[in-house]
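I opened a new page for this structure. The entries below record what I looked up, in the order I looked.

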Amino acid sequence: MASSSASFKRSDSIADSMPEALRQSKYHVKKCFARYIEKGRRIMKLHQLMDEMEMVIADKTERAQVLEGVLGYILCSTQEAAVVPPYIAFAVRPNPGFWEFVKVSADDLSVEAISATDYLKFKETIVDENWAKDDNASELDFGAVDFTVPHLSLSSSIGNGLHFVSKFVTSKLSGKVENAQPLVDYLLTLEHQGDKLMINENLITAAKLQMALVVAEVFLSALPNDTPYQNFELRFKEWGFEKGWGDTAERVKETIRALSEVLQAPDPENLEKFFSRLPTIFNVVIFSPHGYFGQADVLGLPDTGGQIVYILDQVKALEEEMLIRIRQQGLKFKPQILVVTRLIPDARGTKCNQEMEEIIGTKHSHILRVPFKTEKGQVLRRWVSRFDVYPYLERYAQDATTKVLEIMEGKPDLIIGNYTDGNLVASLMARKLGTTQATIAHALEKTKYEDSDLKWKEFDPKYHFSCQFTADTISMNQTDFIIASTYQEIAGSKDRPGQYESHASFTMPGLCRFVSGINVFDPKFNIASPGADQSVYFPYTEVQKRLTQFQPSIEELLYSKVDNDEHIGYLADKRKPIIFSMARLDVVKNLTGLTEWYGKNKRLRNLVNLVIVGAFFDPSKSKDREEMSEIIKMHSLIEKYQLKGQFRWIAAQSDRNRNGELYRCIADTKGAFVQPALYEAFGLTVIEAMNCGLPTFATNQGGPAEIIVDGVSGFHIDPNNGDESSNKIADFFENCRENPQLWDKFSMEGLKRINECYTWKIYADRLLNMGCMYTFWKKLNKEQKQAKDAYIHMFYNLLFRNLAKNVPNANDEPPPPPPMPKLMAKTLSKPIARRSQSRLQR
């Protein structure tokens, strides 16, 4: 469609361009639109629009002519259409973040531009006409209270919030010296544990500060670079300076010069450099309430996966960077990081029933566990699904706040939320304490289930999406900055909206219409990609570092022909490479999908073995509804495709060090890692596999499409096209047979990509820079922030609270096991060898 988009100028609106485009193919378009409306009211996705067009215009040449030019560009940019005869309303997305809505009459092909509100009403008419017609239906518009905040304007700029804020702040500080007064006022507020930092009341104006900086720089120029700050601390204090500028004369001089530049001729680069050196962040709180949060024997338990690995690695990197910064600032404070999660008395052999736990590999970081309590104050003893936690979060936020203030002996400087529940609790605490807040989605459930907003009533009994989507929207708007792992997480790709973008405008008929939920052009959006722990996940070629003590147990794990509680199935031909996947066993992770691709593709089965790591073999051991269903499905696929001898199912593993060596042992077979998720927000396992030198095939839906450069550092696969994906994997291994160096090439290119873009050090540096800058940005926009917070608080009280109360309280009793298929019951009734090793999932 290159020629089509070229003929459509960005200055042209869809509504202005569409009438002429329809007129040029009037005969075919009328027939096509007549077919669209003949089935009555419905939502049509792009593939449905194209499929039905193909039925109407059977001739390929004629169809190609219709799709040429502007009409083809508009139709191919359409995400969905709401059909309410005789009209069809199109939601057109010409570029990431940009949406236009048009209404077309199937009778006369007249075109009318409509608002987002009108388009949502079209959609509502399909499922709840009375709600759509109700003039007093509940409607939320967060954009209405955002009008004073500057926004980015280009799709390519989305996620560059920190740089945009720096440029805007620079413009505010430029000109007269008095314009820098807000910065001076901010510096005067800096203190920690009762100690003033940076400047004191002797420097209360920008002019005084500017003069003092000149004097200080001249003084420092006469000192040796390595002179300790303590040697001239008293002199500096007389001039109005407090500690925090640096640990040596050289470091102090660099910081002073950066601020002098900001005051005299500000530019974004110097501003970011100065703020990165400010002693702003000492105490950090990170929320992750759901699941079993621990450092051992938890991965693979319900709702317990990659998010925990992410946070533990994040904490280590943050503490290390904070210690470096505090030392370079010439300070002797100790940082504190608290990961606040849920205390679960029925801990299933884990440490999740312990209130405090030191985080391994750190000096000043701990896990703090706070229990869920009922309205009567009773502590919940058992695990609660992440979909059922909403009745407990407000009380939990209050209890956690009290505990954090007690342990830290003061307010935190930064609060980071994770996933829906953690982000909502972070919002409640940040609002109460006035602390800078960051949110990390990990996964927004709205994009995982098609039309889950429109059909929320169907999903609510099982997933309580009314609570989840409302909570997500509250957190997105309340937070000071949002950390995404990739651009795609925010704004998707040319063809698919991002997770956050899907919350721009949506509706839950009968509940609330979100005219403007979140704006992806908001400067709060930033990209900070995590890495993998490179002491655990390192290349298979680094023989001296290999963890050889695990290799005998991994050999048994992969190739033993005995079925036990850690592995079933076997690999008859050990000479074949192994394709390997490891994840939670749920619908979105799509491990059963990969197994079915493999089962159907005889060519792939002849080339490689398949190893799956995830979950348990007996559904009665799981408390997760989806996991139970997927376990049953996996057993049925093994039997359906007769996979014995080519397929190994390994129960979820918790030992990260052994998992790292497992990746490397798969690499020893010249195999590959496959990540087949229907959607993946980021893809930590992709990073881990590439770090170990495994060629990687990963979903083209979400973050992995950004991590991997297709055909260069790995391969993209379409999770919705199993035949194409399995053949792509088969082609690679066939080519490797003919040219063994091809495998080495992709192994090395994957490593190169990781080392250039995905390390925890880069991540930690960027996150702390955001925390420093957005703390000032928050104060600079204090009045607007307060107005929006009031709007959000009203929304929370009027809608979310009632929704949370309607979620049934969790049953503190274990659920009965689901009925077991006869075939699987027969398999599991066989004697199984027991192993003492833990089996928990990544």
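Entry 1: I noted at the outset that the model is predicted. I then traced an open sheet of five strands, in the order β1-β2-β3-β4-β5, with antiparallel pairing. I looked for its edges and found β1 (42-45) and β5 (111-114), each of which pairs on one side only.

Strand β3 (residues 87-95) and strand β4 (residues 98-105) are joined by seven bridges in the antiparallel sense. I88 has V104 of β4 opposite to it. I then asked which strands helix α7 touches. Helix α7 (residues 116-127) packs on the sheet and touches β1, β2 (78-84), β3, β4 and β5. The direction of α7 makes about 60 degrees with that of β2.

**Entry 2: helix α5.** I went through residues 60-67, which form helix α5, and found R63, V66 and L67 buried. Viewed down the axis of α5, the buried residues fall within an arc of 95 degrees, so they line one face of the helix. I wrote down a reminder here: an α-helix has 3.6 residues a turn, so residues three or four places apart point the same way. On the face of α5 turned away from the buried side I found the exposed residues T61 and Q65.

**Entry 3: α9 and α14.** I looked up how helix α9 (residues 161-173) packs with helix α14 (residues 268-276): the angle is about 105 degrees and the axes are 9 Å apart. Angles of 65 to 115 degrees count as roughly perpendicular, and α9 and α14 are therefore roughly perpendicular to each other.

Next I listed the residues that meet. From α9 they are L162, H163, S166, K167, V169, T170 and L173, and from α14 they are P268, L271 and E272. I sorted the residues of this contact into five nonpolar, three polar and two charged.

**Entry 4: β19 and β22.** Is strand β19 (residues 567-571) largely enclosed or open? I found four of its five residues buried, so β19 is largely enclosed by the rest of the structure. I then looked for its partner: five bridges join β19 to strand β22 (residues 646-650), and the two run antiparallel. For Y570 I noted F647 as the bridge partner in β22.

Key. Residues are numbered from 1 along each chain as its sequence is written. This is a predicted model: local features need pLDDT of at least 70, side-chain atom pairs count only at pLDDT 80 or more; totals for chains, interfaces and linings use all residues. Side-chain values use heavy atoms; hydrogens and water are left out. Axes are lines fitted to C-alpha atoms, for helices over the stretch in contact, and angles run from 0 to 180 degrees between N-to-C directions. Angles under 35 degrees count as roughly parallel, over 145 as roughly antiparallel, 65 to 115 as roughly perpendicular and the rest as oblique. Contact means heavy atoms within 4.5 Å. Ala, Val, Leu, Ile, Met, Phe, Trp, Tyr, Cys and Pro count as nonpolar, Asp, Glu, Lys and Arg as charged, and the others, Gly among them, as polar. Buried means under 20% relative accessible area, exposed over 50%, partly exposed in between (1.4 Å probe, protein chains only). Two strands pair if DSSP finds at least two bridges between them. The arc is that of the directions from the helix axis to the C-beta atoms.
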